[in-house]
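Here are my notes for your first look at this model. Keep the viewer open and find each residue as you read.

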Amino acid sequence: MAPEAYANHPSAPLAIDTVYTHIQYTIAVPSMTAIDSPQKKPLSTEHQGCHYRSKRAGSGSGSGSGSGSTFTSQLLQKDEGGNYCISRDSRHKRSASGAKRAQYRKKRKFELGRQAANTKLGAKRIHEVRTRGGNRKFRAMRLDAGNFSWGSEAISRKTRIVAVVYNASNNELVRTGTLVKNAIVQIDATPFRQWYEAHYATPIGARKAKGAVKVESEEINKARSNHVQRKVEARKADAKVDPALDHQFAAGRLYACLSSRPGQSGRADGYILEGQELAFYIRKLKK
Amino acid sequence: MSEQIEKAFQKQQGIFQNAKVAGKKSIKNNRWYKEVGLGFKTPKEAIEGHYIDKKCPFTGDVSIRGRILTGEIMSTKMKRTIIIRREYLHFISKYNRYEKRHKNLAAHMSPAFIGVQQGDSVTVGQCRPLSKTVRFNVLKVQKKVVKGAKNFAKF
């Protein structure tokens, strides 16, 4: 995980400007210190009238379940009249004919909206939110790992997210490294490489370092019983991996797409890009 | 494919495209489609085509339930949606007579329907809200019959 692991690394075949400074985050800064850091976010102009009620909450890190401590209500802003600031109603919009609709009632609690999570890369910090009906949502403020699945091999592994690389909606989100659903990220390839080499007993992502001794990893050469060895040999027929993926394994980084909503579930899970989708996004990144 | 015009990769949600190549299936179109029910035939273009439309009733994630209405197409200028005009007669009891009234309706039109023009008559079915004004989805198109089919129609 430390940057040293990549010191001898030949330049990645894919030329992308990824922000590697995020690696430093893995040096554990316990998220409990976050309590003392200002949890108040700078108010955007649209909330100028709203009172910012910030209850000091224990950040619900860990598996996200409330330890009985107070949830944070800082994400639910109310102004002086006790009205909710972000509302999801359509009464404030003009009708289909263009007519301006008069306001005839106050904002209702069931129409409320909350501030966006804007989940960033960093040591895990998740806030729990009490929602309608007493249910909970886990607002991930910072995440660094997620459960990613390799579809064609039908396995999933928990991996570190390295960088946000592309976002179809907004380039700003790439620049700031915001994790949202359908963001294209780079993930650490080692858990998948380890699985592959244990499963198929063949190396993957062979690097073309000149004169480097090919050290077969321990995973490939580990002692296996006769029965298991036969199974492994039989699997080798299906062991072929797409060259585009192979390149990425050589670099130690895979492209993946987030398929969960970090601001709702508190998790950044996704799937590794393959096939046409991968080709599509690589083309986008090259531009 | 030519349907990848957007910034994000367009695909049908839920079908997995990257299964390891076993040989045959990779050439065939791995497409999901459904029958909307109520006797409406799903168009051939929906089954064999390559378009991706999550709001299409045949290849997307909307269900048709509720009202089924018909109307005449007034405009097709929007992207994948049309305006329909529905005419009706309103009775004025004082005078014992009728007056003409009409209402416009915005409906989503799937790319499965090609060559649809203004003036065609269309059957739409109610679905969940797809946008601010669109709650209907086109299910069937009946082209306008031009009397004297040998007339010159602007191509």
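This is a predicted model: local features need pLDDT of at least 70, side-chain atom pairs count only at pLDDT 80 or more; totals for chains, interfaces and linings use all residues.

1. Now see where the two partners sit. A:Glu277 belongs to helix 7 of chain A, while B:Lys11 is in the segment before helix 1 (44–48) of chain B, and the pair crosses between chains. How many salt bridges are there between chain A and chain B? The count is 1. Over all chains, the count comes to 12 salt bridges.

2. Next, please look at the whole interface. Here 19 residues of chain A are in contact with 13 residues of chain B. About 1,400 Å² is buried between the two chains, and carbon and sulfur atoms give 52% of that area. On the chain A side, A:Gln276, A:Glu277 and A:Phe280 lose the most area to chain B, together 33% of what that side buries.

3. Stay with helix 7 for a moment: the helix covers residues 275–286 of chain A, and A:Gly275 lies in it. A:Gly275 counts as partly exposed, at 32% relative accessibility.

4. Strand 10 (253–258), strand 11 (270–272) and helix 7 of chain A are the elements that give two or more residues to the lining. Sorted by class, the lining has 15 nonpolar, 16 polar and 13 charged residues.

5. Finally, chain A has a network of salt bridges that links A:Asp89, A:Arg91, A:Arg105 and A:Glu111. The closest N and O atoms are 3.3 Å apart for A:Asp89 with A:Arg91, and 2.8 Å apart for A:Glu111 with A:Arg91. A:Glu111 and A:Arg91 both lie in the loop between strand 2 (78–79) and strand 3 (119–121), so this pair ties together parts that are 20 residues apart in sequence. Both of these residues are buried, and A:Asp89 is buried too, at 11% relative accessible area.

Technical notes: Residues are numbered from 1 along each chain as its sequence is written. Chains are lettered from A and ligands numbered from 1 in the order in which they are written. Side-chain values use heavy atoms; hydrogens and water are left out. Helices (H or I, at least four residues) and strands (E, at least two) are DSSP runs, numbered from the N terminus. Buried means under 20% relative accessible area, exposed over 50%, partly exposed in between (1.4 Å probe, protein chains only). Ala, Val, Leu, Ile, Met, Phe, Trp, Tyr, Cys and Pro count as nonpolar, Asp, Glu, Lys and Arg as charged, and the others, Gly among them, as polar. Contact means heavy atoms within 4.5 Å. Buried area is the accessible area (1.4 Å probe) that two parts lose on being put together, summed over both. A salt bridge is a side-chain nitrogen of Lys or Arg within 4 Å of a carboxyl oxygen of Asp or Glu.
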